[in-house]
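Work through the following exercises with the sequence and the coordinates at hand. Each task is followed by a solution in steps.

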Amino acid sequence: MQARMVTKMVDLRSDTVTKPTEAMRAAMANAEVDDDVLGYDPSALRLETEMAKITGKEAGLFVPSGTMGNLISVLVHCNIRGSEVILGNNSHIHIYENGGISTIGGVHPRTVKNNEDGTMDIDLIEAAIRDPRGEIVYPTTRLICLENSQANCGGRCLSVEYTDKVGELAKKHGLKLHIDGARIFNASVALGVPVSRLVQDADSVSVCLSKGLGAPVGSVIVGSKSFIAKARILRKTLGGGMRQVGILCAAALVAVQENVSKLEDDHKKAKILAEGLNQIKGLRLNVAAVETNIIYFDVVEGAKITAETLCKNLEQHGILVMQESPISIRLVLHHQISASDVQYTLSCLKQALAGVREDTGI
């Protein structure tokens with residue numbers, strides 16, 4: 001059989017696959033730089049200042065990745081080995097960050113079940129806080145972590161009201177609150193609430209700029225000046241001090257200035273794609289749960305194709321997706337996915353589930 005040549009590529013694996021725009025490349029080429037480890041890189045300072053302003057915090061620090069941003073934040077708040085952090089059982093920090101808080105920081109994770117909407121029940125969070133009188137046998141609770149939007153729950157958004165309640169609980173018990181805001185701009189746009197209000201009660205926030213915003217590299221962590229001073233030292237310890245990092249920060253600043261407005265369109269296309277998927281026999285999903293740019297759907301038992309085979313079928317047509325379980329597939333929209341890409345994806349899915357060979361577009 002003659003090999004087919006794919007002429008159309010639709011990459012829905014993640015919003016991390018975005019390519020730098022021409023404006024970003026130009027900013028990188030012309031970036032004013034200095035040694036950021038010494039604290040003098042002007043482009044880094046501009047980005048950090050802007051992110052602190054957007055989030056309503058005193059200061060910011062550019063880091064290579066969200067994983068490092070979360071790790072640094074947890075270690076600053078839990079600076080005594082044997083500390084404990086309360087976080088969702090389905091959270092990115094707990095599942096996808098190599099257990100860094102424990103292996104590197106000696107911090108014990110205590111998980112609370114994430115609900116379908118990404119929240120954790122307030123009473124369960126409070127019940128997980130260790131009684132200080134038991135310190136001879138228990139680790140000491142020092143931190144609560146939230147994730148907004150909550151990726152593993154389908155990009156669901158945590159409301160201001162919910163986050164405020166968790167913040168009040170943290171203060172009641174003398175704890176700190178960190179928000180993994182890898183997609184906090186998605187949550188802000190979806191909820192119609194400024195980022196600064198969403199993270200008002202947080203002592204620190206990690207914001208990824210290389211997902212939906214499309215920067216090639218990097219995150220910024222924000223918090224008080226004293227928090228960032230400690231974070232800067234830890235960044236160096238972990239190998240995240242990168243000298244003339246302004247080349248990267250220049251692109252990230254363009255991403256913040258130009259691409260936040262594109263997130264709403266990503267969400268609209270995700271909804272269109274979800275509604276289309278819901279019409280295909282053999283697939284199952286909750287359309288109402290699609291609040292931002294992430295879609296999870298299941299291939300139901302008895303369908304003409306398995307999830308694994310469906311992923312391979314789509315790849316033959318130039319459509320890349322992420323299989324999450326034996327029956328579940330994840331799709332993530334971003335600004336480099338067009339409306340025609342959405343329709344092409346739906347067409348290929350319909351053909352695959354119907355068991356009909358599709359030749360269009362290849």
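**Exercise 1. Accessibility of aspartate 121**

Task: decide whether aspartate 121 is buried, partly exposed or exposed, and find the charged patch that includes this residue.

Solution. The model is a predicted one.
- Step 1: the relative accessibility of aspartate 121 is 33%.
- Step 2: buried requires under 20% and exposed requires over 50%, with partly exposed in between. Aspartate 121 is therefore partly exposed, given its 33%.
- Step 3: in the chain, aspartate 121 sits in the loop that lies between strand E4 (108-112) and helix H6 (122-128).
- Step 4: Glu116, Asp117, Asp121 and Asp123 together form a surface patch, and the patch is negative.

**Exercise 2. Two residues, two distances**

Solution. 
- Step 1: leucine 12 belongs to the loop between strand E1 (10-11) and helix H1 (22-29).
- Step 2: isoleucine 228 is part of helix H10 (residues 225-237).

**Exercise 3. Surroundings of strand E13**

Task: determine how many residues of strand E13 (residues 328-332) are buried, and which residues lie on each of its faces. Then describe how E13 pairs with E10 and with E12.

Solution. 
- Step 1: the count gives 5 buried residues out of 5, and E13 is mostly covered.
- Step 2: one side of E13 carries Ser328, Arg330 and Val332, and the other carries Ile329 and Leu331. These residues are all buried, so both faces are covered.
- Step 3: strand E10 (residues 294-299) runs antiparallel to E13, and 5 bridges join the two. Across this pairing, valine 332 in E13 has isoleucine 294 opposite.
- Step 4: strand E12 (residues 322-323) also pairs with E13 in the antiparallel sense, over 2 bridges. Here arginine 330 in E13 has methionine 322 opposite.
- Step 5: 4 residues lie between E12 and E13, and the two strands form a hairpin.

Terms used. Residues numbered from 1 in each chain as written. Predicted model: local features only at pLDDT ≥ 70, side-chain atom pairs only at ≥ 80, totals over all residues. Heavy atoms only, no water. Buried < 20%, exposed > 50% of the residue type's maximum accessible area, 1.4 Å probe, protein only. Pairing = 2+ DSSP bridges. Patch = residues over 30% accessible without salt bridge, like charges linked within 9 Å, V, L, I, M, F, W, Y side chains within 5 Å. Areas by Shrake-Rupley, 256 points an atom, 1.4 Å probe, with all protein chains shown as cover. Salt bridge = Lys/Arg side-chain N within 4 Å of Asp/Glu carboxyl O. Lys, Arg positive; Asp, Glu negative; His and termini not counted. Charge placed at Lys NZ, Arg CZ, Asp CG, Glu CD.
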